[in-house]
Amino acid sequence: PAVGSLTDALAGAATVDTLFKGIPQSNTTLGKPTAPVSMVEFVDPQCPYCQEFETQVFPGLIKDYVRAGTLRIQIEPWAFIGPDSVRGQAAELAAGQQNKLFNYAELLYYNQSEENTGWLNDDMVAAVARSIPGLHVHTLLEARSSGSVKAAQREVDDLATTDKVSGTPTLFVGKT
């Protein structure tokens with residue numbers, strides 16, 4: 001389909017849609033811009049520890065703090081582990097251009113497989129995109145190799161170096 005929907009969606013798609021419904025997203029940021037506390041998270045799309053955090057802890061943060069307007073989250077998808085990470089990072093950043101990065105990343109974690117096994121291939125990238133209501137699938141697929149996504153990938157790498165991030169997940173929390 002040209003636009004994602006919950007029809008024939010991947011496992012977890014309805015849960016992810018409900019989790020983020022009604023919360024403002026702007027590229028790599030989730031929540032009210034005026035929230036008093038910000039969290040920056042460096043996560044790798046195929047990191048099993050990130051998957052555990054994102055599927056078990058993150059929903060509680062959304063429910064208790066982001067929906068209440070007290071926490072704003074900025075995600076920095078970092079390609080730390082291997083080639084599948086780079087492919088996933090590009091897709092997540094492309095989804096961010098449509099203000100659906102958090103939906104994309106979360107659904108990818110719900111469907112994650114073992115590191116560096118080739119699971120995060122083009123078919124998986126497209127399947128995740130097709131499973132997010134309102135996401136323009138072909139736009140995402142084309143944007144993955146765009147100059148703006150490549151620049152965003154370099155920015156994440158530079159920020160990880162500047163912030164001395166050495167693994168994922170890495171979280172920074174403080175006043176906005």
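Predicted model: local features only at pLDDT ≥ 70, side-chain atom pairs only at ≥ 80, totals over all residues.
Visitor: What makes up the secondary structure of the chain?

Guide: Seven helices and five strands. Read from the N terminus, the order is α-β-β-β-α-β-α-α-α-α-α-β.

Visitor: How much of the chain counts as buried?

Guide: The share is 47% of the 176 residues. The chain exposes about 8200 Å², and 52% of that area is supplied by carbon and sulfur atoms.

Visitor: What part of the contacts with a separation of 6 or more comes from residues 24 or more positions apart?

Guide: Such pairs account for 82% of those contacts.

Visitor: Why is glutamine 98 called buried?

Guide: Buried means under 20% relative accessible area. Glutamine 98 has 18%, so it is counted as buried. Its place is the loop between helix H3 (83-96) and helix H4 (101-110).

Visitor: What does glutamine 98 touch, leaving out residues up to four places away in sequence?

Guide: Gly134, Leu135, His136, Thr139 and Leu140.

Visitor: How do you know that the side chain of glutamine 98 and the backbone nitrogen of histidine 136 make a polar contact?

Guide: A polar contact needs a pair of N or O atoms within 3.5 Å, one able to donate a hydrogen and the other to accept it. A polar atom of the glutamine 98 side chain lies 2.7 Å from the backbone nitrogen of histidine 136. The distance is therefore within the cut-off.

Visitor: Why does leucine 61 count as buried?

Guide: The cut-off is again under 20%. Leucine 61 is at 19% relative accessibility, so it falls under that limit and counts as buried. This residue is found in helix H2 (residues 48-66).

Visitor: Which residues does leucine 61 touch, not counting those up to four places away in sequence?

Guide: Leucine 61 touches Met39, Phe53 and Val66.

Visitor: How far is leucine 61 from alanine 35, in sequence and in space?

Guide: The two residues are 26 residues apart in sequence, and their C-alpha atoms are 13 Å apart in space.

Conventions. Residues numbered from 1 in each chain as written. Heavy atoms only, no water. Helix = DSSP H or I, 4+ residues; strand = E, 2+ residues; numbered from the N terminus. Buried < 20%, exposed > 50% of the residue type's maximum accessible area, 1.4 Å probe, protein only. Contact = heavy atoms within 4.5 Å. Areas by Shrake-Rupley, 256 points an atom, 1.4 Å probe, with all protein chains shown as cover.
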